[in-house]
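Please look over the protein shown below before reading on. The report after it is meant for someone meeting this structure for the first time.

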Amino acid sequence: KNSAKAMEKELVTCSLQEKEKTAIDRSQIFQIPQRKDLETKVIVVLGKAGMGKSILIQKICQDWSNGEFSQFEFVFWFDCKQISLPEKQFSLKELLLECFVKPQEGSKEIFEYILQNPDKVLLIFDGFKGLHDHENFPHCSAGQPEKDLCSIKELLSGLIQKKILNGCTLLFTVRPKDKLYQYGSKVDKTIEIVGFSPQQRELYIMKYFEESPYCDNALKLIKECEYLFSHCYSPVMCRFVCFLCETVLEMGEKSLPSTLTEVFLKFFQQKIMFMQTDVTTTQNQESLATLARVAWCLGEKRQSAMKSDCIPSQEVKEFALKYGFFLPFAFPRHSDSEEEEYGSTFSDFVIQNFLCALHLLLAEELKDKNLTKYLSFLSKKKKPYNWLDLMPRFLAGLIFLQDNPYFCSLSNEDAKQSTKKQKTLLKYIRRLQISTLCPERLLELLCCVYETQNNYLLQHVALRLEPDLSFLGIVLTPPDVHVLHSVLKRSKKEFSLDLRNSSIDMQGLQVLVSLRNVTSFRASLSDTVRLWKSLEQTKDYELLKASTEKFVLDPFKAKTMKDISDLSNLVEMQEMMTNCVQEASGYTSYEIPAIRNLRKLEFALGPACGLQGLLKLVKILAAFPSLQHLDLDALSENGIGDEGAKSLSEVFPTLTSLETLNLSQNKITDLGAENLATALPSLSSLKTLSLYNNSICDFGAENLAKVLPAMTSLRVLDVQYNKITDVGAQQLTDSLRKCPHIKNLVMWNPTIPYGVLEHLHQLDSRISV
């Protein structure tokens, strides 16, 4: 239990949201400051499917082969689909030097060199699926790595736990939902691939059509369809959209489909049905239905690959390979005498998602009412098909596209059946208690409804949204933002949005903030300031002023040095804003409402940065005229000490609205208490002062006792768990007699005899025992 609690605390302190996010160059991936060179380094590359994790790995390997990353003499790259069969077992030597790479000679010497020089080895595991199906990470007992056979999970466990090849560098690529939760504390560096910016999307599209006769029209056509252009933030989606755009232009059509479901319907139709006879069309429909069933069976197991001999028929296998839906690969062999074993994997995660939705729609054994359970809006548990992120959206879209000619060419579905399924979905969504959905489920609902393009459903959902919409900690991708914007625009309600830790890009933030019925919003400070600076540069003063009026900061909790820097940048914006507003409207001064209205500020930087952060914070505290509650008590203890207390006391005269000051657990001694006491009377509105659990002795208590009569607004003073003895307690009690305004004095200390404290309580009932 203790180790589990320690792990939980470690995971909390390693939370991604609390880390500073900065763009890095590829050459910086393996740079880990303040890390022992002799220990195994674990680096995780996060990214949604299709973001280019595997391409990044290929580029790293290519760079290494060209002389970069010279700290590594050996780089081993494993595709986890090829090595993750549960029945397969390997020794470390087999995995490294026999299954894929087979030196012609000297493999024993090479392996010995690797064991003796682990710091020169980079092991890459691409497409690691996490350990969702195991309660505990399996223990590895490989005492002899050249001989002992283990499953791949046991080997990975031994590598991460530093029991095998301690000192090597491990690089995992994983989807965000497959993170190494069990070993979060052992991850030294986390890198996230966030996809293309709008400028990079344009560049990709221009490169794709570089030598095409449609070069001039393609980018314009894609950008006109804002929803599809937003999906182009994903490299894989961008490729699909470009392929479809090329097809549309070749056919002389003038527009692109409006939803992702239509894109893939058209994609499949173009791939399979073009220039075919009725006979082959029927065969292909049957093969496609079988392939869709295979996709679903694998998807339920969170898999995208299988042994080739497990494919239902040779005909289906040839069909899938012919049209590029499957890619073949070879499984590793233990020895030359072992027969070569082949597998097939879906060429793309989107294709598998689409086929899964198609299967649910075509499967005869699934009744209409059962379809809605796969949308999972109400489910609190994570189900296996949650791995298929896009499947519910495709399913909802297909239900409303069954009379589409492209869908008809892929299926022989009855028109009556399609109407029945539409009515089932309409009825299901009408009955949903939309106001009770958690943010993640709500976002999924909006995206599914958007794919239907059904005006009634879109309006129904828009009218039932709560005025306060929080997407705190929910990743909002560009397509999510587009959907949210389009739904909010349909409603006549006024909305307040919480977009903190949502990874929303600046363009997305601007789009949502510019909506007239979004009357207030919270977002990352750095993103908000970046947006305002951008609007100032483009001289869009109207939106700049409107967005500053809508921005909400209260209450604000500073957890990192970056939070303090961002707060400082916000204060610096005041002057710039004054100049902008003066130019736009003639006013001579302007206060950002978020600064003017900040009432509660919590400070929780911990002991490592507590003092440094506070010294930076006190320089801007005077900028918050309405600040009523300053809380410097943190679970991890800020430890600002006497220097911090002195620095803070110097700005007390400017904090005219401050009512609550919490300085608990900050290692403040008599010296700090003396500095505080000198300045405390200048806090003219202070009602509650907490100095709980510091190191204040009798001298500090004496100084506090002297100024209590002058602190006429004070109602509660907490000095318990310090080092005050009966001497200091008596001085505080004597002073209390002159302070009728004080309602409660909390001063239990282990150094005050209980009998003394009881006696003082009898003298003055305001003293808490």
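The model is predicted, and so local features are reported where pLDDT is at least 70 and side-chain atom pairs where it is 80 or more, whereas totals for chains, interfaces and linings use all residues. Residues are numbered from 1 along each chain as its sequence is written, and side-chain values use heavy atoms, with hydrogens and water left out.

## The protein as a whole

The protein contains 32 helices and 19 strands, where helices (H or I, at least four residues) and strands (E, at least two) are DSSP runs numbered from the N terminus. Of its 769 residues, 53% count as buried; buried means a relative accessible area under 20%, exposed means over 50%, and partly exposed lies in between, with a 1.4 Å probe and protein chains only. When contacts (heavy atoms within 4.5 Å) are taken between residues at least 6 apart in sequence, 75% of them join residues at least 24 apart.

## Salt bridges

A salt bridge is counted when a side-chain nitrogen of Lys or Arg lies within 4 Å of a carboxyl oxygen of Asp or Glu, and by this rule there are 20 salt bridges.

| Pair | N to O distance | Relative accessible area |
|---|---|---|
| Glu-202 and Lys-223 | 2.6 Å | Glu-202 24%, Lys-223 36% |
| Glu-549 and Lys-545 | 3.5 Å | Glu-549 40%, Lys-545 30% |
| Asp-734 and Arg-737 | 3.6 Å | Asp-734 30%, Arg-737 57% |

Glu-549 and Lys-545, by contrast, both sit in helix α24 (residues 541–550), where being four residues apart separates them by about one helical turn. An α-helix has 3.6 residues a turn, so residues three or four places apart point the same way. Elsewhere, Arg-26, Lys-59 and Asp-63 are joined in a network of salt bridges.

## Pocket and cavity

Rolling a probe the size of a water molecule over the atoms shows where empty space is left. On a 1 Å grid over the protein atoms alone, a cavity is a set of points where a 1.4 Å probe fits but cannot get out, a pocket is an open set with protein on both sides within 12 Å along at least five of seven lines, and lining residues have an atom within 4 Å of a point. Grid points are joined across faces, edges and corners, and a volume is the space filled by probe spheres set on the points.

The second largest pocket has a volume of about 1000 Å³ and a lining of 38 residues, among which Gly-50, Ser-54, Lys-81, Asp-126 and Ser-347 lie nearest its centre. Its lining divides into 17 nonpolar, 12 polar and nine charged residues, where Ala, Val, Leu, Ile, Met, Phe, Trp, Tyr, Cys and Pro count as nonpolar, Asp, Glu, Lys and Arg as charged, and the others, Gly among them, as polar. Elements that each supply at least two lining residues include α2 (53–65), β2 (74–79) and α10 (235–250), and the largest share, four residues, comes from α2.

There is one cavity of 30 Å³ or more, and the largest cavity holds about 40 Å³ of space. Tyr-227, His-231, Leu-260, Leu-390, Arg-393, Phe-394 and Glu-451 line the largest cavity, with α9 (226–231) and α16 as the elements giving two or more residues.

## Buried residues

Trp-387 lies in the loop between α15 (368–371) and α16 (391–399) and is buried, at 5% relative accessible area. The C-alpha atoms of Trp-387 and Glu-300 are 8.2 Å apart, although 87 residues separate the two along the chain.

Asp-566, in helix α25 (residues 561–585), is also buried, at 9%; apart from neighbours within four places in sequence, Asp-566 contacts Leu-525 and Ser-526. In helix α29 (residues 670–679), the buried residues are Asp-670, Gly-672, Ala-673, Leu-676, Ala-677 and Ala-679, and they pack against α28 (641–649) and α30 (698–707).
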